[in-house]
Amino acid sequence: MIRQTCEEALKRLQTDVIDLYYLHRLDKNVPVEESVGEMSRLVEEGKVQTLGLSEVSADTLRKAHAVHPMTALQTEYSLWSRNAEIAVLDACKELGITFVAFSPLARGFLTGKLTDPEAQLEEGDLRKNMPRFHAENYRKNMALYAEYEKIAGEVDCTPAQLALAWTLAKGEHIIPIPGTKHTDYVVENFGAVDLVLDAATVQKLDDLINQETVVGPRYPAGVQVEIDTEEFAA
């Protein structure tokens, strides 16, 4: 499947080589060493330049890296999704692997533009099924956002820029990848690159929004169990 997916991607992209090829979901029935072994053969054949993994534990990352050097690890990371701080961030730093933080804006929560998920989210939007976006949970989480917005005002930046600057402050090996459909937001997000937060501000944000203060798990119960089993491993 790994090879077939790569071949199909090369055709769709109309290219001879993929710069970074991710294993986006780990098959628990296949040892990661086998998966990475097959991916490494694609590198040897010149079809792929570098390899990456997505949402795996530090232990799994080390096993994979021992088979073939990993260039990147992609995992959700933001003020309200902090699982990576358990061990993965440190493992990436130790092994020289770039940590790619997806959903650094907490899936829109930290932008302030999503005030009523039930009314604003379209049918088919994955966030509709995420507990943190359910009406009662979101109402409580928005109480945290009010204080967060005050901090953005103190720093003189937008809420989105504050979230990205916090992510960048967590390590030079971390690259946030916010998603957006609007050019204006892309320009706004790039403004975070020049924003340097002092230690006191970072600590204030850490204390305000974290997995202890946010209401609701990241995913519905069945998916959350699967994610936690991997992410919370040492």
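**Close-up views of a predicted model**

**Figure 1. Met-39 in helix H2.** Met-39 lies in helix H2. The model is predicted. Met-39 counts as buried because its relative accessibility is 0%, under the 20% cut-off. Leaving aside residues up to four places away in sequence, Met-39 touches Ile-2, Tyr-21, Tyr-22, Leu-23, Leu-51 and Gly-52. Val-215 sits 176 residues from Met-39 along the chain. The C-alpha atoms of Met-39 and Val-215 are separated by 39 Å.

**Figure 2. The salt bridge of Glu-55 and Arg-25.** The side chains of Glu-55 and Arg-25 meet in a salt bridge, with an N to O distance of 3.0 Å. Glu-55 lies in the loop between strand E2 (48–54) and helix H3 (58–67), and Arg-25 in the loop between E1 and helix H2 (32–44), so the pair ties together parts that are 30 residues apart in sequence. Are the two partners buried or exposed? Glu-55 is buried, at 6% relative accessibility. Arg-25 is partly exposed, with a relative accessible area of 48%.

**Figure 3. The salt bridge of Arg-107 and Glu-76.** Arg-107 forms a salt bridge with Glu-76, and the closest N and O atoms are 3.0 Å apart. The pair links distant parts of the chain, 31 residues apart. Arg-107 is in the loop between E4 and H5, while Glu-76 is in strand E3 (residues 72–76). Glu-76 counts as buried because its relative accessibility of 3% is under 20%.

**Figure 4. Further charge pairs.** Side chains of opposite charge can pair when their charged atoms come close. How many salt bridges does the structure hold? The structure holds 19 salt bridges. One of the pairs joins Arg-127 and Asp-125, whose side chains meet at 2.9 Å, N to O. A network of salt bridges links Arg-3, Glu-7, Glu-38, Arg-41, Glu-45 and Lys-47. The chain has 23 positive and 38 negative charges.

Figure 5. Most residues other than glycine have a negative phi. Gln-14 is not a glycine, yet its phi is positive, near 55°. Gln-14 is found in the loop between helix H1 (2–13) and strand E1 (18–23). Ser-103 also has a positive phi, about 55°, although it is not a glycine. Ser-103 lies in the loop between strand E4 (98–102) and helix H5 (117–120). Which of these residues is buried, and which is exposed? Gln-14 is exposed, at 74% relative accessibility. Ser-103 is buried, with a relative accessible area of 17%.

**Figure 6. The chain as context for the close-ups.** The chain has 10 helices and five strands. Its radius of gyration is 19 Å, close to the 17 Å that the globule rule gives for 234 residues, so the chain is as compact as a globular protein of that length. Along its principal axes, the C-alpha trace spans about 50 × 40 × 35 Å. Buried residues make up 47% of the 234 residues. Of the contacts between residues at least 6 apart in sequence, 72% join residues at least 24 apart. The chain exposes about 12100 Å².

Conventions. Residues are numbered from 1 along each chain as its sequence is written. This is a predicted model: local features need pLDDT of at least 70, side-chain atom pairs count only at pLDDT 80 or more; totals for chains, interfaces and linings use all residues. Side-chain values use heavy atoms; hydrogens and water are left out. Helices (H or I, at least four residues) and strands (E, at least two) are DSSP runs, numbered from the N terminus. Buried means under 20% relative accessible area, exposed over 50%, partly exposed in between (1.4 Å probe, protein chains only). A salt bridge is a side-chain nitrogen of Lys or Arg within 4 Å of a carboxyl oxygen of Asp or Glu. The radius of gyration is taken over C-alpha atoms; the globule rule is 2.2 Å times the number of residues to the power 0.38. Contact means heavy atoms within 4.5 Å. Accessible areas come from the Shrake-Rupley method with a 1.4 Å probe; for residues, only the protein chains shown count as cover. Lys and Arg count as positive and Asp and Glu as negative; His and the chain ends are not counted. The place of a charge is taken as NZ of Lys, CZ of Arg, CG of Asp or CD of Glu.
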